[in-house]
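Here is a short briefing on one protein model. Please look over the sequence and fold before reading on.

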Amino acid sequence: MKRVMDVDGTVLREARALVPVLYQLGRVMRLQGVDEAGLGQLPPSELEVLRYVLETPGVSVSTLARDLGLHASNVSATVRALMARGLIRREPDPSDRRAVRLHPTVDAAHGSARIEDSWARIFAAALDDLTDEQRTAVASAAPALGALAERLRTRRAAERG
């Protein structure tokens, strides 16, 4: 794995151009879509934890905290809030009854689908305002951006041990 300090100057300039754009897109997604999906105010931390639990049912609080880079106490508070909303349930670990595993509820799955649909509609409206060339460039970038996201997750996991 290449160290951050060993990155080529051209690649670093490309990254500097991408970072603010990707941050802005992420911010738009965090601030829009949840209300439009009819779920009311879902703070970004709750949305992040919920999405992780949806992607990784049966995850422990400690693994969730480690992977998201959050303190376990913050994750526990967020989990309690999501449980109060009926979006996450806690179940004892079958192999260790002292441990707890987190699972999404059916409402969480339906809510997540509504959020994703809302995001898609918001993006579609914005994409419709772009030129055909811009729309094609954005659509063709999706696989590369997905690979970049996976690489970032892998690097983070390796750095955290």
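The points below cover a helix, a nonpolar patch and a strand pair.

This is a predicted model: local features need pLDDT of at least 70, side-chain atom pairs count only at pLDDT 80 or more, and totals for chains, interfaces and linings use all residues. Residues are numbered from 1 along each chain as its sequence is written, and side-chain values use heavy atoms, leaving out hydrogens and water.

**Helix 5**
- Helices (H or I, at least four residues) and strands (E, at least two) are DSSP runs, numbered from the N terminus.
- Helix 5 takes in 23 residues, 106-128, and at 1.5 Å a residue should span 33 Å. The expected span is 1.5 Å times one less than the number of residues. The end C-alpha atoms are 33 Å apart, which agrees.
- A108, G111, S112, I115, S118 and W119 are its buried residues (under 20% relative accessible area, 1.4 Å probe, protein chains only).
- Their cover includes helix 1 (9-31), helix 2 (44-55) and strand 2 (96-104).

**Nonpolar patch**
- L18, V21, L22, L25, L145, L148 and L152 make a nonpolar surface patch of about 540 Å². Such patches join nonpolar side chains (Val, Leu, Ile, Met, Phe, Trp, Tyr) within 5 Å, from residues with over 30% relative accessible area and no salt bridge (Lys or Arg side-chain nitrogen within 4 Å of an Asp or Glu carboxyl oxygen).
- Helix 1 gives the largest share, 4 residues.
- V21 lies in helix 1. V21 counts as partly exposed because its relative accessibility is 43%, between the 20% and 50% cut-offs.

**Strands 1 and 2**
- Strand 1 (residues 88-93) and strand 2 run antiparallel, joined by 6 bridges; pairing needs at least two DSSP bridges.
- R90 has L102 of strand 2 as its bridge partner.
- A hairpin links the two strands through 2 residues.

Key:
Contact means heavy atoms within 4.5 Å. Patches are made of residues with over 30% relative accessible area and no salt bridge: like charges are joined within 9 Å, nonpolar side chains (Val, Leu, Ile, Met, Phe, Trp, Tyr) within 5 Å. Accessible areas come from the Shrake-Rupley method with a 1.4 Å probe; for residues, only the protein chains shown count as cover.
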